[in-house]
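Colleague: I am new to this structure and would like to know what lies behind the words used for it. Please take me through them.
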Amino acid sequence: MADQSKKEKENLSKSISAPQAFLIHLISGLGLAISLWVAHNFYSINLVSHPSTTLRLIWIVESAIVILIYSRFRIDPQQCSYLKAVVRGILALPVGALVNALGAIALGAPIGIQYLPKTINWSLLMSSFTVAPAASVFGSSWTYWQRIFAQTKPNEPLEYMICIPAHGAVIGGWFGAWPMPLDWERPWQEWPICVTYGAMTGYLVGMLASSGFVLANGRRQRLKED
């Protein structure tokens, strides 16, 4: 068991370089930009006019990108094939959506049939930011899930790449919810439009920050080797 844990840690530290981390984050960010662009230019919709449809397009594109990319960097390639990693990322998507939906409702998200499609699609997008990449990489390894999501103590490149953007999305969504109860009567204040904008902004900032941490971690490892 100790040998397996050691091999997993070696896989984490050696599998991602700073340029690779930046490229992965760039592709993930472009996924958001492209999905919004397609929604606007091909379907003439956006988050304000058609939130459910736009959210569905975004999470489908983003989840496909993160699951397909992060599955390549699974911690147990000897025991888990690429296809299996992809499947566990897909299976984790609705599970993570349920967790995000329950969390949002507990924090005051509106409940009702008219809000259900919006909440479902928003939750699937949040799961694409948080749970799906972790499931593709870590599977059911509780040690990693606990360190990243419960303790928030990432210490390897892949852990930074998953942990920081995930927390950025959650924090950004929380800040994005602040304008909702204000009486400005703007259409973008409705659930979950401003929350989505906040989550996407936090996710992008988190990816940028994690790239910096990966770069710093690489320099620290080189100094140790020297």
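**Terms and values**

Modeller: The chain has eight helices and zero strands. Helices (H or I, at least four residues) and strands (E, at least two) are DSSP runs, numbered from the N terminus. This is a predicted model, in which local features need pLDDT of at least 70 and side-chain atom pairs count only at pLDDT 80 or more, while totals for chains, interfaces and linings use all residues. Residues are numbered from 1 along each chain as its sequence is written, and side-chain values use heavy atoms, with hydrogens and water left out.

Colleague: Why is Ser44 called exposed?

Modeller: Exposed means over 50% relative accessible area, buried under 20%, and partly exposed in between (1.4 Å probe, protein chains only). Ser44 has 58%, so Ser44 is exposed. This residue lies in the loop between H2 and H3 and has a positive phi of about 55° although it is not a glycine.

Colleague: Which class does Glu185 fall in, buried or exposed?

Modeller: With a relative accessible area of 73%, Glu185 is exposed. Glu185 lies in the loop between H7 and H8, and its phi is also positive, about 55°. Pro192 lies in the loop between H7 and H8, and a cis peptide bond with omega of about -5° joins Trp191 and Pro192.

Colleague: How much of the chain counts as buried?

Modeller: Of its 226 residues, 47% do. In H6 the buried residues are Tyr144, Trp145, Arg147 and Ile148.

Colleague: What makes a set of residues a nonpolar core?

Modeller: The members are buried Ala, Val, Leu, Ile, Met, Phe, Trp, Tyr and Cys residues joined through side-chain atoms within 4.5 Å. The largest such core has 51 residues, of which Tyr70, Phe129, Phe138 and Met161 touch the most other members. H5 gives the most to this core, with 11 residues.

Colleague: Which residues is Met161 in contact with, leaving aside its neighbours within four places in sequence?

Modeller: Contact means heavy atoms within 4.5 Å. For Met161 the partners are Ile16, Ala21, Ile24, His25, Tyr70, Ser210 and Val214.
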